[in-house]
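Here is a short report for a reader meeting this structure for the first time. Please look over the sequence and the model before reading on.

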Amino acid sequence: MQNARHVPVLRDRIVDLLTPALTPTPAGQPPVLVDCTLGLGGHAEAFLSRVPELRLIGIDRDPQALAYAAERLAPFAERTTFLEAVYDELAEVLAEHGTPRVQGIVADLGLSSLQIDRTERGFAYAVDAPLDMRMDAQQPLTAAVVLNTYPQAELTRILRGYGEEKFADRIARAIVAAREGAPFDTSARLVETIVAAMPAAVRHGGGGHPAKRTFQALRIEVNRELNALEVMLPAAVSALAVDGRLAVLAYHSLEDRAVKQVLRTGSESRAPRGLPVVPAGLGPELELLTRGAEKPSAAEIADNPRAASARLRAARRIEEAR
């Protein structure tokens, strides 16, 4: 099983942060953890091994990932449920399974190692592959469709907004000009077009691969990642039982900014300013468990370079919203 034993980013730290909440409920029911991005099951395996009574609901939009995870987690089959879904469907998934409140939620955003390493999926700019980039192969929108059909202004918006690419307009203009000769179908030609559109100083400046931000933007657009995240984060907070805990790993500033905003807002009082006593139900809903965003250690990054951009934030629910 290729990559099945890959150790996910900040695995032990995330397990340590969430485990205090993974105790039986007051009614004596086993604790429930939702892994919103099951991937290859690395975080899930660590939790199931640490907490013998834990029940896991694993969500992933990628059926290949679910198949790998199911095999890896076969020893825990009686305590696991796997569902093919996007994490913005969290509330619906929990309602359907009769668990509207859970003790823990973890989300490891971005690409899984499976998606990166399966070069035919088209996520990596370093390897020539079809311009697919779908996490769910059943959906119709691919990176090729975006590149070959979106107007220049829309391409510019995506590259600037989702890739934070300062040369978005130049790259979009070059893409539109190049596709008039022939549509884009593989990543190598796209990379060539991006590099050619960059100023020479940027191409040779050593600031990372020139195509990195464009590929990030296309992936986010194809999979509607930020849209899904904006729905999932408040749903995750609402799904936590009091004393339940949430941990989210982000890999670029757009994701981390969204996580930071939701957790920070939840940690602030909802009572009008100036009240001598904060009424019940109007205090902070969350207690932050990390000071800012935690980063992997130098040793972990050396062992797994993909961890370098990871940022971890976590919180505990301390009060139900009124």
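## Arg313 and its contacts

Leaving aside its neighbours within four places in sequence, which residues is Arg313 in contact with? Keep in mind that this is a predicted model. With those neighbours within four places left out, the contacts of Arg313 are Leu246, Ala247, Val248, Asp256, Val259, Lys260, Leu263, Thr290, Gly292 and Ala293.

Arg313 sits in strand E7, which covers residues 311-317. Is Arg313 buried or exposed? Its relative accessibility is 11%. Buried means under 20%, so Arg313 counts as buried. The side chains of Arg313 and Asp256 make a polar contact at 2.8 Å.

## Residues listed as a binding site

The UniProt record, an unreviewed entry, lists seven positions under "binding site": Gly41, Gly42, His43, Asp60, Tyr87, Asp108 and Gln115.

Gly42 belongs to helix H2, residues 42-50. Its relative accessibility is 9%, so Gly42 counts as buried. Not counting residues up to four places away in sequence, Gly42 touches Pro8, Arg11 and Arg72.

Tyr87 is placed in a loop. That loop runs between strand E3 (80-84) and helix H4 (90-96). Tyr87 has a relative accessibility of 10%, and therefore counts as buried. Its contacts, leaving aside neighbours within four places in sequence, are Cys36, Thr37, Leu109, Glu225, Ala228, Leu229 and Met232.

## The second largest pocket

How much space lies in the second largest pocket? About 240 Å³. Its lining is made up of 16 residues. Thr25, Pro26, Gln103, Ala241 and Val242 are the ones that lie nearest the centre of the pocket.

Two strands each supply at least two residues of this lining: E4 (102-108) and E5 (240-250). Strand E5 gives the most, with 4 residues. By class, the lining of the second largest pocket has 9 nonpolar, 5 polar and 2 charged residues.

## Two positive phi angles

Most residues other than glycine have a negative phi. Glu164 is not a glycine, yet its phi is positive, at about 50 degrees. Where is Glu164 found? It is in the loop between helix H7 (152-163) and helix H8 (168-179). Glu164 has 31% relative accessibility, so it counts as partly exposed.

Arg224 also has a positive phi, near 50 degrees, in a residue other than glycine. Its place is the loop between helix H11 (212-223) and helix H12 (225-239). Is Arg224 buried or partly exposed? Its relative accessible area is 38%, so Arg224 is partly exposed.

## Thr193 in helix H9

Thr193 is part of helix H9, residues 187-197. At 13% relative accessibility it falls under the 20% cut-off, which means that Thr193 counts as buried. Which residues does Thr193 touch, not counting residues up to four places away in sequence? They are Ala174, Ile175, Ala178 and Phe184.

Methods
Residues are numbered from 1 along each chain as its sequence is written. This is a predicted model: local features need pLDDT of at least 70, side-chain atom pairs count only at pLDDT 80 or more; totals for chains, interfaces and linings use all residues. Side-chain values use heavy atoms; hydrogens and water are left out. UniProt positions are given in the numbering used here, feature names are shortened, and annotations may be inferred rather than shown by experiment. Buried means under 20% relative accessible area, exposed over 50%, partly exposed in between (1.4 Å probe, protein chains only). Contact means heavy atoms within 4.5 Å. A polar contact is a pair of N or O atoms within 3.5 Å; within protein, one must be able to donate a hydrogen and the other to accept it, and residues adjacent in sequence count only if both atoms are side-chain atoms. On a 1 Å grid over the protein atoms alone, a cavity is a set of points where a 1.4 Å probe fits but cannot get out, and a pocket is an open set with protein on both sides within 12 Å along at least five of seven lines; lining residues have an atom within 4 Å of a point. Grid points are joined across faces, edges and corners, and a volume is the space filled by probe spheres set on the points. Ala, Val, Leu, Ile, Met, Phe, Trp, Tyr, Cys and Pro count as nonpolar, Asp, Glu, Lys and Arg as charged, and the others, Gly among them, as polar.
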